[in-house]
Amino acid sequence: MVEILKVENVTKRFGGIVALRQVSLTVEEGSVTSLIGPNGAGKTTLFNIINGYIKPNEGKIYFRKEDITKLPPQAICKRGIGRTFQENRVFANMTVLENVMTGALLHTSDVSEAESRALESLKIVGLHDKKNCIVKNLTILERKMVELARALSTRPALLLLDEIAAGLTGAEIAWLLELLKRINSKLNITLFIVEHVLKFVMRISDKVIVLDHGVKIAEGSPEEVASNSKVIEAYIGGEDIARS
Amino acid sequence: MKTDLKILNTIFSFLVVIMDGFLMQILLRGILVGGIYALLSVGLTLIFGVLEIPHFAYGDIMMLAMYTCFWLQVFTGTPLFLSIIIIFPLYLALGCVLQKTIVGRIMDKPVLSKMLFMMGFSLFLQGLALFLWTADTRFVKSELENMYIDVGGGKISLTYVVNFIIAMIVFSGFYIWLQKTYMGKAIRASAQNKELALVSGINIQKIFLISFGIATAMSAIGAVLFAPIYYVGPFVGIELTIKSFMIVVLGGLGSIEGALLGGLIIGVVEALSSYILSSEVKELSAFIIFLLVLLFRPKGLLGKEVRE
Amino acid sequence: MIDKNVIMGKLNWILIFVALIVFPFVVQSPLLLHLAILIFLYIIISEAWNLIGGYVGQVSLGNAVFFGVGAYTAALLYLKLNVNLWIGLVVGIVFSAILSVIIGYICFRLHGVFFAFATLAVAEVFKLIFIIRKDITQGPMGVVLPYRGDSILDVSFASKVPYYFLTLAFSILAVFIVYYLSKSKIGYYFLAVKEDEIAAQSIGINTVLIKILAFMLSAILNSIAGFLYVTYIRYIDPYVAFGLDISLIQALLTILGGAGTVWGPVLGTIILIPLLEMFRIYFVMFSGLNYMLHGALLMVIILLMPQGVINITRRFIKWLKS
């Protein structure tokens, strides 16, 4: 399999705290890869480094063999990495359509063309009939879908999803699961997911990577990781992976 | 030859002594004014830290305090120090009333709305002062006006010294109050982390009220102490707001110690530059330092966090 | 049916345009002409602030820098080097544009209140420099553009009518720029940066570039307004040129009318400027009242109508049509 993303020996310090220590991993093209770990493990920090918001103290990030470590976030987006955020960063005062259009405008200067592309993305996530609603009035799931559609409109090859399942009901999560599977297979978009909802992770992932206190402690298929003693130890007091 | 050298030597050392004397006098005056500045601006750092409001009308309330002191002096001949005793409770109350009626209404709005709202309030107060008392500059007289102390080569008006001492006493009192009393600790807790404070059972509305009130009162005293070495006019407000903001940013938003440090620094910088250059250049150098601090160390020298 | 509405819409615009053209010939009062000129001038600077403050959400309190540079460049080049004022206009625009990139690049590292204060400080610095360097700028006394008889080249006219058309033309330009941008990709990017810079970056927007672009356009418009001001009033000094008044009124007019909309600043200007000017002229004895009015208005708007008057106006117009 072809590597689309390679994280090589990344270390990140914040003052005296080491958030990430010599973390290395790869994400295969076309796969769904998940990054899990207890709170404070450094998952979002790693995403922020891949995305370009933070620079690592040591190490490199390679996207399609290109070193993107030092690039700013907008340049990384242009190269094909999209992102959704834990805090759900939608443009709250714009309509759904306007939100997604700003994403589509990456590849065109024509506003009407951006509009039609945006409508396509909205159809995929199922928000087409809410296209003129102001985003701040929507439900959590709908806002997440706006963010997802906006990221999709930038035509990414790799999509970084930061805790997209958080705060959703069981039914919503099941629905999201199917949607993401479709996005992965039909649109050929590699998914790199940070998640806490382990049921979700186990059902969708081809590969699971586990971080604890900034260090990679396990990697493998969902079954392998679930039965890994180190992983279970790290999660003592948290969810029971073996049962999910 | 030797006598020439000796003469040169004596002249040189004499010059050094005189220069030192002048320098000393300037530095001292800068520090004295700086101490008053610290009291002037400490309220702003509290308001920023606790209420998170860019209080653009801060200086205008100080302007009102200066006018209050002036009219007290004109109509009742109240000496400066007595007027402080009147002004403190008056402005404490005024601050609380303002917070309850006006400032409290915008607490939930985005930062920029708060800023523009307070700018509106500032304009309003300026207009009010202009309308009520015209644009004429007034002067507050200090009882110690004609008394000097000798420092090095020059004289410093006793007003500076005494007002500095009073300012430092009030400042320390405020500092101790914040450290030792329940209310003070509650205020400091709220400045650090509002959610946590709420959860600990602190009545946050009361904190906002008292913080704003105390901050207003502090700034009012500072303004009264500053009045005799400055002037009173409807537009001093903006100057004082900008100066306070500079000091607070320099020292670090939310840091009480920072207000002291910032005040002293600005006081000394102003004193030094006004000796060498005109008053416009003095202002210019203060602004340039301000810009440099904003750009390279927005946290300030002792600041705790940058709020955006 | 649709065709008829479109034609009716266009007809409205044509009527307004004709009215504007005919106005100065029909109305003889110099006061009304003066008010109109002021309105057009303020429309230019409020649309300018609208771009950076309304659309991109960066509250600049230092736009006076560019206003002053535009005014002084034209005036000083003319008086000291006999450079034609129109060339001075262009040079002023170039200076302002370059300055805006420099100032923007430096100040946009800051956000919110810090950014606002930094721009304010920059304006104050300019004001002080212009006061101090009397040798170049004639200091606090200011610069006077003498009237040397009617001449288009000298931008000098005895009648107000040419100034009316000059300011009208540029105000139309200002509104048009904002209108055009609002419908374009850049307009969407402006709003995205205002909403959430981090999210904007994640979808490929170079937020610094966008902010500087808006700032530069803002600067150019302010520079033009400065030129128009000095050629009409025939006087400029550092307090007026770089003062907080100019910086603040741009923001106030935009917010009053509706920040981030095309017609908001126009509406705000039409409502407030005649009011303020009448106050200034007729109620000099009640000086201070216009400040109080400014201030109270700003407070009320923020509190009750943060979207500006334009929303109410739109609903009113809809109601009229139904």
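How far apart are the nearest C-alpha atoms of chain A and chain B? Select both chains in this predicted model. They do not touch, and their nearest C-alpha atoms are 13 Å apart.

Next, select chains B and C. There are 2 pairs of chains in contact, and chains B and C share the most contacts. On one side of this interface are 37 residues of chain C, and on the other are 34 residues of chain B.

Keep chain C selected and colour three of its helices: helix 5 (112-132), helix 12 (244-257) and helix 14 (289-304). Each of them supplies at least two residues of the side of chain C that touches chain B. Helix 5 of chain C gives the largest share of that side, 14 residues. Colour the side of chain C that touches chain B by residue class: 28 residues are nonpolar, 7 polar and 2 charged.

Select helix 7 (residues 161-182) and helix 10 (residues 207-233) of chain C. Their axes lie 11 Å apart, and the helices pack at an angle of about 170°. Because angles over 145 degrees count as roughly antiparallel, helix 7 of chain C is roughly antiparallel to helix 10 of chain C.

Show the side chains where these two helices meet. From helix 7 of chain C, display Tyr163(C), Leu166(C), Thr167(C), Phe170(C), Ala174(C) and Ile177(C). They meet Leu217(C), Leu221(C), Ile224(C), Leu228(C) and Tyr232(C) in helix 10 of chain C. By class, this contact of helix 7 with helix 10 of chain C has 10 nonpolar residues, 1 polar residue and no charged residues.

Note on methods:
Residues numbered from 1 in each chain as written. Chains lettered and ligands numbered in written order. Predicted model: local features only at pLDDT ≥ 70, side-chain atom pairs only at ≥ 80, totals over all residues. Contact = placed C-beta atoms within 7 Å. Helix = DSSP H or I, 4+ residues; strand = E, 2+ residues; numbered from the N terminus. Nonpolar A, V, L, I, M, F, W, Y, C, P; charged D, E, K, R; others polar. Axes fitted to C-alpha atoms, helices over the stretch in contact; angles between N-to-C directions. Parallel < 35°, antiparallel > 145°, perpendicular 65-115°, else oblique.
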